[in-house]
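Dear colleague,

Please find below the structure that I am handing over to you, followed by an account of what was found in it.

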Amino acid sequence: MNDIDQIIDEHSRYLVRIAYLYVKNWSTAEDIVQEVFVTFFQKSEQFRQEASLKTYLTKVTANRAKDYLRSWKHKKDVLFETIFTSTKGVEEMMLEQEQLAALEKNLFQLPLKYREPLILFYYDEQSIAEIADYLQLNENTVKTRLRRAKQQLKEFFEEEEVESN
């Protein structure tokens with residue numbers, strides 16, 4: 001197994017999950033990660049090894065996902081989905097619901113400014129200082145956003161519990 005295959009095998013599943021947390025679509029997340037790997041292998045000499053390869057690829061993936069969310073293609077896809085959502089079959093909708101865990105569902109209800117620090121803190125296990133540096137925010141702002149995100153998630157779960165009873 002050569003270096004390229006090893007890097008892809010080692011990091012692809014993790015990076016796809018990171019991209020999915022941003023874009024909320026598995027195929028789009030896979031496309032983003034594929035682009036990240038292609039770009040990395042074309043420009044691997046630019047990787048200065050100031051951080052681990054995993055950290056570097058995670059940041060590139062997050063940036064690509066954010067670029068996608070700002071893109072015209074994403075806005076067009078959202079508009080298309082809004083117009084044609086009624087064409088989905090009942091089975092397809094149920095399958096989608098089964099695949100999404102309660103945490104994921106509630107996580108996506110959060111605004112990106114709250115979701116992003118939460119993902120970086122709990123999923124990517126970055127420190128408050130690293131998140132503040134990455135998002136170019138004050139550390140206290142990151143702490144506040146984490147606290148508010150956790151509070152909103154708690155409220156989502158409490159609402160679901162009341163609705164199910």
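Predicted model: local features only at pLDDT ≥ 70, side-chain atom pairs only at ≥ 80, totals over all residues.

The buried residues in question are Thr 28, Ala 29, Ile 32, Val 33, Val 36, Phe 37 and Phe 40. Their spacing can be read with a general rule in mind: an α-helix has 3.6 residues a turn, so residues three or four places apart point the same way. Helix 2 itself covers residues 26-42 and reaches 24 Å from its first C-alpha to its last, close to the 24 Å expected.

The protein as a whole has nine helices and zero strands. Of its 165 residues, 32% count as buried.

The structure also holds four aromatic pairs. In one of them, the planes of Tyr 20 and Trp 26 lie at 5° with the ring centres 3.8 Å apart, so this pair is stacked. Tyr 20 is buried at 5% relative accessibility, whereas Trp 26, at 39%, is partly exposed. Phe 40 and Tyr 56 form a tilted pair, with 6.0 Å between centres and 55° between planes. This pair joins helix 2, which holds Phe 40, to helix 3, which holds Tyr 56; the two residues are 16 residues apart. Phe 40 has a relative accessible area of 9% and is therefore buried, the cut-off being under 20%. Tyr 56 is partly exposed at 28%.

Finally, the charged end of Lys 54 sits over the ring of Tyr 14, 4.3 Å from its centre.

Yours sincerely

Technical notes: Residues numbered from 1 in each chain as written. Heavy atoms only, no water. Helix = DSSP H or I, 4+ residues; strand = E, 2+ residues; numbered from the N terminus. Expected span 1.5 Å × (residues − 1). Buried < 20%, exposed > 50% of the residue type's maximum accessible area, 1.4 Å probe, protein only. Phe/Tyr/Trp six-rings, centres within 6.5 Å; stacked < 30°, edge-to-face > 60°. Lys NZ or Arg CZ within 6 Å of the ring centre and 35° of its normal.
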